[in-house]
Amino acid sequence: MNDLPELTDDERAGRTPWLLGMVVRGTDRLHGIGRDLVAALEDLARDRGHEQVWVVTGDRAVGFYRACGWVDVEDLVTTRENLPSTVLRRALQPG
């Protein structure tokens, strides 16, 4: 999403990598698929030396990420769609 608030170069450098566009088909939800995908992303990011990962999502998925151990960083409204969104971060423990 390009609708994040203006960040300084230092803030941008610290906000990577991002999880973008993960969707699990409705009939496949509540079977652990989303958690497995998020865990795989976290493992990949950790293996590549990242200390944290980021996601921006709408209110329907915020609870999912919180349940996976992600924490809220900021609330914002997207510029184009005028949608409320939440930026969350997950600190990665060394593997």
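Good morning. I begin with Trp-70, which counts as buried because its relative accessibility is 2%, and a residue must be under 20% to be called buried. Please bear in mind throughout that the structure shown is a predicted model.

Setting aside neighbours within four places in sequence, Trp-70 is in contact with several residues, among them Leu-19, Val-38, Val-53, Trp-54 and Leu-88. Val-55 is also on that list of contacts; the C-alpha atoms of Trp-70 and Val-55 are 9.0 Å apart, and the two residues are separated by 15 residues along the chain. With Glu-42, the side chain of Trp-70 makes a polar contact of 3.1 Å.

I now come to the aromatic rings. The structure contains 3 aromatic pairs. In one of them, Phe-64 and Tyr-65, the ring centres are 5.0 Å apart and the planes meet at 75 degrees, so this pair is edge-to-face. Tyr-65 also forms an edge-to-face pair with Trp-70, with 5.4 Å from centre to centre and 70 degrees between the planes. Phe-64, Tyr-65 and Trp-70 together make up one aromatic cluster. Are Tyr-65 and Trp-70 buried or exposed? Both are buried, and for Tyr-65 the relative accessible area is 3%. Phe-64, by contrast, counts as partly exposed, at 26%.

My last topic is charge. How many salt bridges does the structure hold? There are 5. One of these joins the side chains of Arg-15 and Glu-74, at 2.8 Å from N to O. Arg-15 is buried, at 13% relative accessible area, while Glu-74 is partly exposed, at 22%.

Another salt bridge links Arg-46 and Asp-43, whose closest N and O atoms are 2.8 Å apart. These two residues are separated by about one helical turn, because they stand 3 residues apart in helix H2. Arg-46 is partly exposed, at 22%, and Asp-43 is partly exposed as well, at 38%.

Arg-25 and Asp-28 also meet in a salt bridge, at 2.8 Å from N to O. Here Arg-25 counts as exposed, at 59%, and Asp-28 as partly exposed, at 24%. Thank you for your attention.

Methods:
Residues numbered from 1 in each chain as written. Predicted model: local features only at pLDDT ≥ 70, side-chain atom pairs only at ≥ 80, totals over all residues. Heavy atoms only, no water. Buried < 20%, exposed > 50% of the residue type's maximum accessible area, 1.4 Å probe, protein only. Contact = heavy atoms within 4.5 Å. Polar contact = N/O pair within 3.5 Å; in protein donor to acceptor, adjacent residues only side chain to side chain. Phe/Tyr/Trp six-rings, centres within 6.5 Å; stacked < 30°, edge-to-face > 60°. Salt bridge = Lys/Arg side-chain N within 4 Å of Asp/Glu carboxyl O. Helix = DSSP H or I, 4+ residues; strand = E, 2+ residues; numbered from the N terminus.
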